[in-house]
Amino acid sequence: MDLGTIIGVIAGLVIVCVAILLGSDFGIFVNIPSLLIVFGGTFAVTLIKFNLKDVLGCFKLAIGIAFKNSKSDPEYLVNTAIEMATAVRKNGLRALENFKVENDTFQRGAGLCADGHGADVIRETLTKEVNLTILRQEKAEKMFRGIGESAPAFGMLGTLVGLVQMLSNMSDVNTIGPAMAVALLTTFYGALIANAVALPIADKLAEKTENDQVNLDLIMNAVLQIHANQNPMVLAEILQIYLPAAGGGKSKKKAV
């Protein structure tokens, strides 16, 4: 699990709740009409922008990416590629049938090599998979960024609704308080959703998509080099550029 994302989201919400409890009763910050305007309106606009299937898929994908660390870090991928290249040099491409890789794209690339497909077929297949993977993640980011934009807008809309209700019936003192609650709490809810949840998750998705793009490029390069029966030591040097250390580091496993 990505503890940074989990701790950040929970800490942000807890800090706001604690600040409320220290200054007043938490119950006065719960207003059903305000919740309906902000949550309902934001969800409705999201459904207008994206179809329902994409919305459900993007939520599932975003949770899987933003709240979980990828097991396929560059160092692991480089070391795995070197092991594969070593096995191929000794026993041919069929040796890749015995390899189990945590990354699905890498596993598929190894399988294509083991099945005897040509370099062009492998390149085309992996390129399509890489492009579709990045496209899905970018769509999830776009959706959360859209939520971050829509929630404050509906907060302002709710504020206008509350003000209209208040000003249209100033003679009845009993209606002023509830109307002001709607006016102020909708802005509060919209700002909270956008700045404590939606936009931070969108930024995290953008960061991880960037990292995944590098990893997928690494995998593409590694698979094609392995298919060409590249020397493991040469492959290690080629893939050093993908390691996070400046100028590339040395992988822990030595090529033989």
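**Close-up 1. Lining of the second largest pocket.** Leu13, Phe39, Phe59, Phe144, Ile147, Tyr189, Leu192, Ile193, Val197, Ala198 and Ile201 line the second largest pocket of this predicted model. On a 1 Å grid over the protein atoms alone, a pocket is an open set of points where a 1.4 Å probe fits, with protein on both sides within 12 Å along at least five of seven lines, and lining residues have an atom within 4 Å of a point. The space in the second largest pocket amounts to about 190 Å³, a volume being the space filled by probe spheres set on the grid points, which are joined across faces, edges and corners. Helix 6 (119-168) and helix 7 (173-227) each contribute at least two lining residues, and helix 7 gives the most, with 6 residues. Helices are DSSP runs (H or I, at least four residues) numbered from the N terminus. The lining comprises 11 nonpolar, no polar and no charged residues; Ala, Val, Leu, Ile, Met, Phe, Trp, Tyr, Cys and Pro count as nonpolar, Asp, Glu, Lys and Arg as charged, and the others, Gly among them, as polar.

The model is predicted: local features need pLDDT of at least 70, side-chain atom pairs count only at pLDDT 80 or more, and totals for chains, interfaces and linings use all residues. Residues are numbered from 1 along each chain as its sequence is written, and side-chain values use heavy atoms, with hydrogens and water left out.

**Close-up 2. Packing of helix 3 against helix 7.** The axes of helix 3 (residues 52-66) and helix 7 lie 10 Å apart at an angle of about 70°; axes are lines fitted to C-alpha atoms over the stretch in contact, and angles run from 0 to 180 degrees between N-to-C directions. Helix 3 and helix 7 are therefore roughly perpendicular (65 to 115 degrees). Ala62, Ile65 and Ala66 of helix 3 make the contact (heavy atoms within 4.5 Å) with Ile201, Lys204, Leu205 and Lys208 of helix 7. The contact residues divide into 5 nonpolar, no polar and 2 charged.

**Close-up 3. Packing of helix 4 against helix 7.** Helix 4 (residues 74-91) and helix 7 cross at roughly 10°, and their axes come within 10 Å. Helix 4 is therefore roughly parallel (under 35 degrees) to helix 7. Pro74, Leu77, Val78, Ala81, Met84, Ala85 and Val88 of helix 4 meet Asn215, Leu218, Ile219, Ala222 and Ile226 of helix 7. This contact has 11 nonpolar residues, 1 polar and no charged.

**Close-up 4. Packing of helix 5 against helix 7.** Helix 5 (residues 104-114) packs on helix 7 at about 15°, with the axes 10 Å apart. Thr105, Phe106, Gly109 and Cys113 of helix 5 meet Leu216, Ile219, Ala222, Val223 and His227 of helix 7. The residues of this contact are 6 nonpolar, 3 polar and no charged.

Key. Parallel < 35°, antiparallel > 145°, perpendicular 65-115°, else oblique.
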